[in-house]
Amino acid sequence: MTGRLNSAQPYALGLFRIVIGLLFACHGASTLFGVLGGADGNGGTVDAGTWPGWYAAVIQLVGGALVALGLGTRAAAFISSGSMAYAYFKVHQPEALWPLQNGGEPSAIFCWAMLLFVFTGSGAFGIDRLFSARGERDEDKASDRTPVAA
């Protein structure tokens, strides 16, 4: 049983990455473009260039899309995780100690989920894997042609 679950781990991680990335990107799109209820729940947006809301929304949209695609996953997840840590500690935590009390549950969950991708990478179904597989094949071909010195 454990062997089967372990062999499915990259696929489960890949699906988790896609879902988290899409949810994160939707959060940014709602803030930037007023879709899905918008920033205020009534289709509102944040003004371009306002700190920190607009910058956070851009990180959410771009970072979420990159994570969902599995392209530059570790770097995008690192920046996204930091953004959510900032959101939690500067916006939510001063209101109350626990995320349930201060409305910071999404920030905390996104922070930790993105931090997981920093360490695990994209898993299955990621564009990162296509590039790494191609790079490994090129390295194998190069090593086949390199003479061994005595």
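Glu105 counts as partly exposed, at 38% relative accessibility. This value, like the others in this report, comes from a predicted model. The residue belongs to helix 5, which covers residues 105-120. Leaving aside residues up to four places away in sequence, Glu105 touches Pro99 and Leu100. His92 is 13 residues from Glu105 in sequence, and the two C-alpha atoms are 9.1 Å apart in space.

**Overall make-up**

Of the 150 residues in the protein, 32% are buried. Among contacts with a separation of 6 or more, 65% are between residues 24 or more positions apart. The protein exposes about 9600 Å², and 66% of that area is supplied by carbon and sulfur atoms.

**Annotated spans**

The unreviewed UniProt entry carries the annotation "transmembrane region" for residues 12-36, 56-89 and 109-127.

| Span | End C-alpha distance | Helix | Strand |
|---|---|---|---|
| Residues 12-36 | 27 Å | 88% helix | 0% strand |
| Residues 56-89 | 14 Å | 91% helix | 0% strand |

In residues 12-36, the end C-alpha atoms lie 27 Å apart. In residues 56-89, the corresponding distance is 14 Å.

**Aromatic residues**

A search of the whole structure finds 7 aromatic pairs. One of them joins Trp51 and Tyr55, whose ring centres are 5.7 Å apart.

Trp51 has a relative accessible area of 63% and is exposed, because exposed means over 50%. Tyr55, with a relative accessible area of 38%, is partly exposed, because this value lies between the limits of 20% and 50%.

Trp51 and Tyr55 also belong to a cluster, in which ring pairs link them with Trp54 and Tyr86.

Key: Residues numbered from 1 in each chain as written. Predicted model: local features only at pLDDT ≥ 70, side-chain atom pairs only at ≥ 80, totals over all residues. Heavy atoms only, no water. Buried < 20%, exposed > 50% of the residue type's maximum accessible area, 1.4 Å probe, protein only. Contact = heavy atoms within 4.5 Å. Areas by Shrake-Rupley, 256 points an atom, 1.4 Å probe, with all protein chains shown as cover. Phe/Tyr/Trp six-rings, centres within 6.5 Å; stacked < 30°, edge-to-face > 60°. Helix = DSSP H or I, 4+ residues; strand = E, 2+ residues; numbered from the N terminus. UniProt positions renumbered as here; feature names shortened; annotations may be inferred.
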